[in-house]
Amino acid sequence: MQRRTRLCLSQGAFARATAVVLITALLAGCHARQRLVIPTEAPPRQDVSAVQPGDRVRVKLQSGATLTFEVAEVRFDELVGTKGQRVRYSSMAQLQRSQFSAGRTVLLVVGALGLLVITLTGMAYASLAGEL
């Protein structure tokens with residue numbers, strides 16, 4: 001006679017695990033990074049208004065290091081972060097701004113709901129098969 005082993009999660013534990021996965025996916029998938037032109041002249045003639053105070057940016061430095069921070073101030077020669085970071089345009093190799101993406105968010109929510117339906121359906125069938 002075969003012995004069946006069942007892995008059971010309480011409804012609360014399953015709900016918490018599902019919520020953690022969905023929230024993590026939503027936070028990661030709802031934003032897109034837009035590559036920006038780095039001003040090369042001081043004072044720059046190019047439009048620096050692509051970055052505004054409050055924007056979240058990722059800066060790759062020429063040294064290879066990467067910084068991610070919220071912009072507090074945009075100066076003619078540097079960006080200043082809310083936690084005191086100062087990055088001169090001349091030391092930047094790449095500048096990206098994080099922005100909300102409605103299209104990605106819709107796709108992610110639809111995909112997550114589809115995955116949830118498939119998972120719950122599979123669990124229901126497994127539960128019924130165990131009762132037969």
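User: Why does R75 count as partly exposed?

Analyst: R75 has a relative accessibility of 29%. Buried means under 20% relative accessible area, exposed over 50%, and partly exposed in between, with a 1.4 Å probe and protein chains only as cover. The value for R75 falls in the middle class, so the residue is termed partly exposed. The model is predicted: local features need pLDDT of at least 70, side-chain atom pairs count only at pLDDT 80 or more, and totals for chains, interfaces and linings use all residues. Residues are numbered from 1 along each chain as its sequence is written, and side-chain values use heavy atoms, without hydrogens or water.

User: What makes the contact of R75 and E73 a salt bridge?

Analyst: The term requires a side-chain nitrogen of Lys or Arg within 4 Å of a carboxyl oxygen of Asp or Glu. The N to O distance between the side chains of R75 and E73 is 3.0 Å, and the pair therefore meets the criterion. E73, at 35% relative accessibility, counts as partly exposed.

User: Which residues do salt bridges with shared partners join into one network?

Analyst: E78 and R86 form a salt bridge with an N to O distance of 2.9 Å. E78 has a relative accessible area of 8% and is therefore classed as buried. Through shared partners, salt bridges join E73, R75, E78 and R86 into one network. A search of the whole structure finds 4 salt bridges.

User: Why is the pair R88 and D77 said to tie together parts that are apart in sequence?

Analyst: The side chains of R88 and D77 meet in a salt bridge at 3.0 Å, N to O. R88 belongs to strand β5 (residues 86-88) and D77 to the loop between β3 and β4 (78-81), so the bridge connects parts 11 residues apart in sequence. R88 is partly exposed at 43% relative accessibility, whereas D77, at 16%, is buried.

User: How is the secondary structure of the protein chain made up?

Analyst: The chain has 2 helices and 6 strands, and the order of elements from the N terminus is α-β-β-β-β-β-β-α. Helices (H or I, at least four residues) and strands (E, at least two) are DSSP runs numbered from the N terminus.

User: Which residues have the most contacts inside the largest nonpolar core?

Analyst: They are V51, V57, V59, F69, L79, M92 and L95, in a core of 13 residues. The elements that contribute two or more residues are β2, β3 (66-74) and β6 (92-100), and β2 gives the most, with 3 residues. A nonpolar core is a set of buried Ala, Val, Leu, Ile, Met, Phe, Trp, Tyr and Cys residues joined through side-chain atoms within 4.5 Å. Over the whole protein chain of 132 residues, buried residues make up 23%.

User: How do you know whether Q96 is buried or exposed?

Analyst: The relative accessibility of Q96 is 13%, and the residue therefore counts as buried. Q96 lies in strand β6.

User: What is the class of V21, buried or exposed?

Analyst: V21, in helix α1 (residues 11-29), has 55% relative accessibility and therefore counts as exposed. V21 and A112 are separated by 91 residues in sequence and by 9.3 Å in space, C-alpha to C-alpha.

User: Which residues form the positive surface patch?

Analyst: The patch consists of R33, R56, R58 and K83. Patch residues must have over 30% relative accessible area and no salt bridge, with like charges joined within 9 Å and nonpolar side chains within 5 Å. Lys and Arg count as positive, and the charge is placed at NZ of Lys or CZ of Arg.

Technical notes. Accessible areas come from the Shrake-Rupley method with a 1.4 Å probe; for residues, only the protein chains shown count as cover.
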